Amino acid sequence: IERHTFLPYYQPFLSIHQMQQAQLQMAHQGSGGLKLRLGLIASRLENASRIRFCPTCLIQDNASMGVAYWHRVHQLPGVLICPHHMESLVVLDHRSLIHCRKRLLLPEDDAVQSHALLLEIHPDHCGALLKIARYSNEVLHANVPPQPASRIRKQLLNGAMALDLATSTGR
């Protein structure tokens, strides 16, 4: 669960109970409802999700493993640049593969490649997007325990104030 799912990315924002329930359900192949319990159904992140891969990772995976696979970090919200190769990801709208929904597809499969588009990112945005990708990758691998909501709110508010997005009173 820690090495192959997205739970470590979301766990700092969950309660201890939510995290334990998610781990239990994942470990015992629980039936549905996990995304609902974690609040991901209500999130707009789910609607904007696209499957992504890095062309260089694909080549390296083939060379070292014999097959390319989906990297967790490329699927995280807001990750549009590979944090390892600093290049734009290739994006695939999963809805374009509705006819293949019961098949395991890998990045190099013809069905994927025929529907994949390289993201065009303006050079002015590359630095900020690379930071997002690297920070997201760090969160994914940090195994940060659940944090109190008050602490998260304080950190976000301090960040907003530092960027002049909020007043010193928190408004």
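**Entry 1: valine 139**

I began with the contacts of valine 139. Leaving aside residues up to four places away in sequence, valine 139 touches Pro8 and Tyr9. I note here that the model is predicted. Next I looked up where valine 139 sits, and I found it in helix H7, residues 123–142. Is valine 139 buried, exposed or partly exposed? Its relative accessible area is 29%, so I wrote down partly exposed. I also checked valine 139 against valine 73. The two are 66 residues apart in sequence. In space, their C-alpha atoms are 9.9 Å apart.

**Entry 2: helix H2**

I turned to H2, which runs over residues 16–27 and has twelve residues. From first C-alpha to last, H2 reaches 16 Å. That is close to the 16 Å expected at 1.5 Å a residue.

Which residues of H2 are buried? I listed Met19, Ala22 and Gln25. Why are they on the same side of H2? They cover an arc of only 135° around the axis, so they share a side. On the other side of H2, I found Ile16 and His17 exposed.

Then I asked what covers the buried residues of H2. The cover includes helix H1 (7–10) and helix H3 (34–37).

**Entry 3: positive phi values**

I went through some phi angles. Most residues other than glycine have a negative phi. I noted some residues with a positive one.

- Glutamine 29 follows H2, and its phi is positive, near 45°.
- Methionine 86 has a phi near 55°, and it is not a glycine. I located methionine 86 in the loop between H5 and strand E2 (90–92). Its relative accessible area is 52%, so methionine 86 is exposed.
- Aspartate 164 is not a glycine either, yet its phi is positive, about 60°. I placed aspartate 164 in the segment after helix H8 (149–162). With a relative accessible area of 69%, aspartate 164 is exposed.

**Entry 4: a nonpolar patch**

Last, I looked at the surface. Which residues form a nonpolar patch there? I found Met65, Val67 and Tyr69. Together they have about 280 Å² of accessible area.

I followed up on valine 67. Valine 67 lies in the loop between helix H4 (55–65) and helix H5 (72–75). Why does valine 67 count as partly exposed? Its relative accessibility is 33%. The partly exposed class runs between the buried cut-off, under 20%, and the exposed one, over 50%. Therefore valine 67, at 33%, goes into my notes as partly exposed.

Definitions and conventions. Residues are numbered from 1 along each chain as its sequence is written. This is a predicted model: local features need pLDDT of at least 70, side-chain atom pairs count only at pLDDT 80 or more; totals for chains, interfaces and linings use all residues. Side-chain values use heavy atoms; hydrogens and water are left out. Helices (H or I, at least four residues) and strands (E, at least two) are DSSP runs, numbered from the N terminus. The expected span of a helix is 1.5 Å times one less than its number of residues. Buried means under 20% relative accessible area, exposed over 50%, partly exposed in between (1.4 Å probe, protein chains only). The arc is that of the directions from the helix axis to the C-beta atoms. Contact means heavy atoms within 4.5 Å. Patches are made of residues with over 30% relative accessible area and no salt bridge: like charges are joined within 9 Å, nonpolar side chains (Val, Leu, Ile, Met, Phe, Trp, Tyr) within 5 Å. Accessible areas come from the Shrake-Rupley method with a 1.4 Å probe; for residues, only the protein chains shown count as cover. A salt bridge is a side-chain nitrogen of Lys or Arg within 4 Å of a carboxyl oxygen of Asp or Glu.
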